[in-house]
Structure formats: structure tokens, C-alpha cells
Amino acid sequence: MTRSDGMDRRTLMERSVTGRVGANLPALDVPPQPALDAALLRDELRMPEVTEPQVVRYFTLLSHLNFSIDTNFYPLGSCTMKYNPKVNDEMAFLPGFAGLHPRQPPETVQGALKLLHTLQGYLAEITGTKGVGLAPLAGAQGEFCGMLMIRALLLDRGETQRTTVAIPDSAHGTNPASAAMAGFQVVTIPSDSRGNMDMEALKAVADSGLAGLMITQPNTLGLFNTNILELCDTVHRAGGLVYADGANMNALLGRAKPADLGFDVVHLNLHKTFTTPHGGGGPGAGPVCASEELTPYLPAPVVERSDSDGRETFSLAEPPKSIGRVSGFHGNFGVLVRAYTYIRSMGNTGLTEVSGNAVLNANYLLQGLRDTYHVPYDRRCMHEVVVSARDQKARGVRGLDIAKRLLDYGIHAPTMYFPLIVDETLMIEPTETESRETLDAFIEAMRAIDREVTEDPDLVTGAPHTTPVSRLDEVRAARQPDLRG
Ligand SMILES: *Cc1c(COP(=O)(O)O)cnc(C)c1O
């Protein structure tokens, strides 16, 4: 079956013709072996018989069925779908890195350890912190480590009564999950009318039972909390610690250091801010960056440098009060090489431009959308903008439908229904490398969909119409997945 886009969508089996082969094996130069016993062979396991070009075409087709940042605009809020410079991959694929075995003796991997050590230093510089642990494999795991570190420090101080962690109601779901997994009780702090964490509500829980605050800056509404110094001060004066969810670091790069804002420990999502492709859900890395007091508790291993006779030597070490290991070996090494390469190739000026352009792009979208979509917190945003499809819902079309319809315009859906405190949320994060033309096309698509909501609502509620798979029954897809398509 060939569709209007000219792509041949047949499966490999449908392309199979008996006798076709894709491999050209050399003449046998070992003694022939008896064929496998027929009883061991499975008849039902038919294999496609195809040539190499047919295989290439088939897999190229598959690569086009997925939506990707390499093909289209991908404004998925909170996820920071960065442009992923190809040089990062080239560096991670260098045989000297890609071919390493994690059990190699340290003296044979000094270059790799030096890279990790240097990256620890860069991330400490970027966040203003003292020590960095590269082991966590995702942001959520970085959060979990940070919360365990806070707990260990409080126990060492003998403060066993500090069992609550304050978390704003706009937080990413992993925040309360990490705090609870580390053994804390979560108290939810409401947001005020400007979208910030409510200061009075925080003060009310800032007592001798407070272990700490987990906060995202800018928050998941894309808003910078200008009371941050006072908030952190309130927690510190009450004897608690402040954990920063650093997933929104794209807004701060080169401009504000988390430690200067009052945070004691912060994780970074290298697959977001520091460019590892993560459209398929991984792999990632969520390094934890800690204040001097929390550094001894970092997860193991960290890389240490020693100098003797003018020679530097790098080794893996367990911090003195480490919370232990959280991953196999040294973390996701390839992701760490990509982050290192990105930081080196961007430099200080480049990283500062990233945050500038990220914030500029989001505000450009805010201006372009505000007449058509309700903006719940109408103030300057940072690297992402949250709008609501509340007014479109009143005309019978939900945010979900609008997100699906965007696919027909060749645009990936924004994040929907998060943060939870906004009705019909559409959370839009334009990559900082997007051109003005792309942003204009997005604004135009959003306006066109709004017109469709009035003129032809079925077109929107039935979307998408042009994708390889049209509207799915999402509940059934989760309960009875058909993975063979
Ligand atoms: C992505 C994200 C996380 C979790 O990070 P993972 O790497 O997906 O585990 C936490 N908080 C915020 C605000 C995020 O956007």
C-alpha cells in the first residue's frame, strides 16, 4: 500500500520474495557442519527474504514514522527538547570512549576519568556548588539521591524529628515521589495568584519538623520566583535544607547559579539542558550538585584527582559519607561525554546565549498566543509558557484535541494537563535554536486551530488525520497494547 506521501508502508514480510537474499557470504573456508536437526527448527518462524536495499528502505520508513526533533518543531514543555549537535555523538562514538569496558583498570582509562573529572568541575561552576556526583541515570534519580543526602545529613545532626518536605503544588510528579521514597512526608504548598509558591503557607510549615523544601526555579509554569532568596532563607532559618529541581536550567544557564539563589543541592538533566537526545525516553543522566556540607554524602563513585611529581592521576572514589551506589559503574558514560562536548563547544558565552534565546523564544510565543488562548499567569515567562485551552473547551474542544490537531500541522504536541493547577493546560517550550519563521508558523497553526474550533470542531476532535496512526483510544492502548501494529 503506497500512501500519498509516496512512502511504501509494507512490512518486511510483505516485501519478502522466496529466494531473495541481502547477504553475500564468502566461500566456506571451514569444514561444513551438519545442518540443524529439523526437529529443532520452527516452521512458524518465517523470516523475510529480502535484499539489502529493501531492508534499508524499510528501516528508513520506520525512522520516518516517528516524530522527531530532527524533522520537526517539538515544543514539549518541561522536557527541553534541545537541538542535539551531531558533534556530541561523534565524540561519544570515538573508539577510545565507546570501546571502554567499565571494569578496566583505572590506569588504562585515565583519559575517560579526566573527562568525568573535568565535567564535574564544569557542572560545579555552572551551578555554583562544591561537589558533583555523575552517577544518577535520570533527573528523578538525582532527586532521590538529593533527598537521601539531606536525610543522611539531618540524621548526622541528630535531627530525627525533621520528617516533612514542603513541595509546591506546581511541582513535577517526581518531586513528591522522590521525597516519599526517601522516607519523608510531603506537605503541598499552594501557589499564589501570580503562580509562585505561597510565602505565608511556607512560613506556616517552617518549624523544627521541616527537613526541607523541594522547588523548581523557574517553576513548571515557566515563572521565575523573585522571592526565592527569602524562601530559601525562611527554610534555612528554620533549620531545613533546600533541594532545587534543576530541570529548568535552560532558563538560567550562564545567568544565575542555583547555589547563589540559596539552594543546597540541585540535580541537572543532562538529556535536557545538556543535549542528549531523549525523545524515546532515554538514556539520560541526572547528576547531583551539592553544597560543601552535603558533598561528603554524594552517591558513589566520584572522580578524584591527585597530583604527584607533576603528574595528575584520576581515580574513582567513594565520598566519605556516601549514600552509596545508585547505578552500575560510573553512570551513563556516553551521555556524560555528550554533555562535556556540548559545554566545551558552547563555552561560557554560548551557554549564556542559550538561556537568552530560550527565554526570548518563549516570550515571543506568549505574545503571539495571548489574544487567542487564555494565559493564566499573564507575566513575562522564562523558557516555557503555559496557556490554557479553557476558552476553546467552552466551545467543545479540549486541550488534548488541540494538541493532536497540531500533529496535522507537522508540529509535536506541547505537554498537556501539567502543571495540574491550570485548567486544560498546554505547556509550550520552544527550543532555543528555533528560527523566527518556525515560531511564527506555530503561532499561525495555533490560531488556525482556534478558528477550526468554531468552524469545524469535528476536524479538531478527530485529529490527527495525517499521521501514520490516527487518534488512538489511549486507555485501551495502555491496557491492551498492540505492539505489532
Ligand atoms: C523532566 C523533569 C523531571 C524528571 O526528570 P527525568 O530525567 O525525566 O527523570 C523532574 N522535574 C521536572 C520539572 C522535569 O521537567
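What follows is a tour of a predicted model, with something to select at each stop.

**Stop 1: the ligand**

Start by selecting the ligand and zooming in. The ligand sits in the second largest pocket. Now show the residues around the ligand: Ser78, Ala138, Gly139, Ala140, Glu143, His172, Thr174, Asp245, Ala247, Asn269, His271 and Lys272. Which helix gives the most to this shell? Colour helix H6, residues 139–156, and you have it: H6 contributes three residues.

Pick Ser78 first: a polar atom of the Ser78 side chain is 2.6 Å from an oxygen atom of the ligand. Move over to His271, where an N or O atom in the side chain lies 2.7 Å from a ligand oxygen. Then go to Asp245, which has a polar side-chain atom 2.5 Å from a nitrogen atom of the ligand. How much of the ligand does the protein cover? On its own the ligand has 380 Å² of accessible area, and the protein covers 87% of that.

**Stop 2: aromatic pairs**

Searching the whole structure turns up six aromatic pairs. Take Phe67 and Tyr74 for a look: their ring centres are 5.8 Å apart and the planes meet at 85°, so this is an edge-to-face pair. Are the two partners buried or exposed? Tyr74 is buried, at 7% relative accessible area, while Phe67 is partly exposed at 27%.

Now select Phe274 and Tyr342. Here the ring centres are 6.4 Å apart with the planes at 80°, so this pair is edge-to-face too.

**Stop 3: two cis prolines**

Time for some backbone. Select Gln217 and Pro218: the peptide bond joining them is cis, with omega about -10°. You'll find Pro218 in the loop between strand S4 (210–216) and helix H9 (228–237).

For the second, jump to Ala300 and Pro301. A cis peptide bond joins this pair as well, with omega about -5°. Pro301 is in the loop between S7 and strand S8 (302–308).

**Stop 4: two positive phi angles**

Keep the backbone on display. Most residues other than glycine have a negative phi. Now pick Phe329: phi is positive here, about 55°, and the residue is not a glycine. Phe329 lies in the loop between strand S9 (311–317) and H10. At 34% relative accessibility, Phe329 counts as partly exposed.

Then go to Tyr417, where phi is also positive, near 55°, again in a residue other than glycine. Where is Tyr417? Look in the loop between strand S11 (415–416) and strand S12 (425–428). Tyr417 is partly exposed, with a relative accessible area of 26%.

**Stop 5**

Select helix H12, residues 399–408, and pick out Arg405. What does the side chain of Arg405 contact? Show Asp408: the two side chains make a polar contact of 2.7 Å. Arg405 has a relative accessible area of 10%, under the 20% cut-off, so it counts as buried.

**Stop 6**

Finish with the distance tool. Find Thr127 in helix H5, residues 110–127. Thr127 is buried, at 0% relative accessible area. Draw a line from the C-alpha of Thr127 to that of Glu353: the two are 226 residues apart along the chain, and 17 Å separates their C-alpha atoms.

Last, select Met181 in helix H7, residues 174–181. Is Met181 buried or exposed? With 60% relative accessibility, Met181 counts as exposed. Draw one more line, from Met181 to Leu25: these residues are 156 apart along the chain, with 54 Å between their C-alpha atoms.

Key:
Residues numbered from 1 in each chain as written. Predicted model: local features only at pLDDT ≥ 70, side-chain atom pairs only at ≥ 80, totals over all residues. Heavy atoms only, no water. Phe/Tyr/Trp six-rings, centres within 6.5 Å; stacked < 30°, edge-to-face > 60°. Buried < 20%, exposed > 50% of the residue type's maximum accessible area, 1.4 Å probe, protein only. Near = heavy atom within 4 Å. Polar contact = N/O pair within 3.5 Å; in protein donor to acceptor, adjacent residues only side chain to side chain. Areas by Shrake-Rupley, 256 points an atom, 1.4 Å probe, with all protein chains shown as cover. 1 Å grid on protein atoms, 1.4 Å probe; cavity = no way out; pocket = protein on both sides within 12 Å on 5 of 7 lines; lining within 4 Å. Sits in = over half its atoms within 2 Å of the grid points. Helix = DSSP H or I, 4+ residues; strand = E, 2+ residues; numbered from the N terminus.
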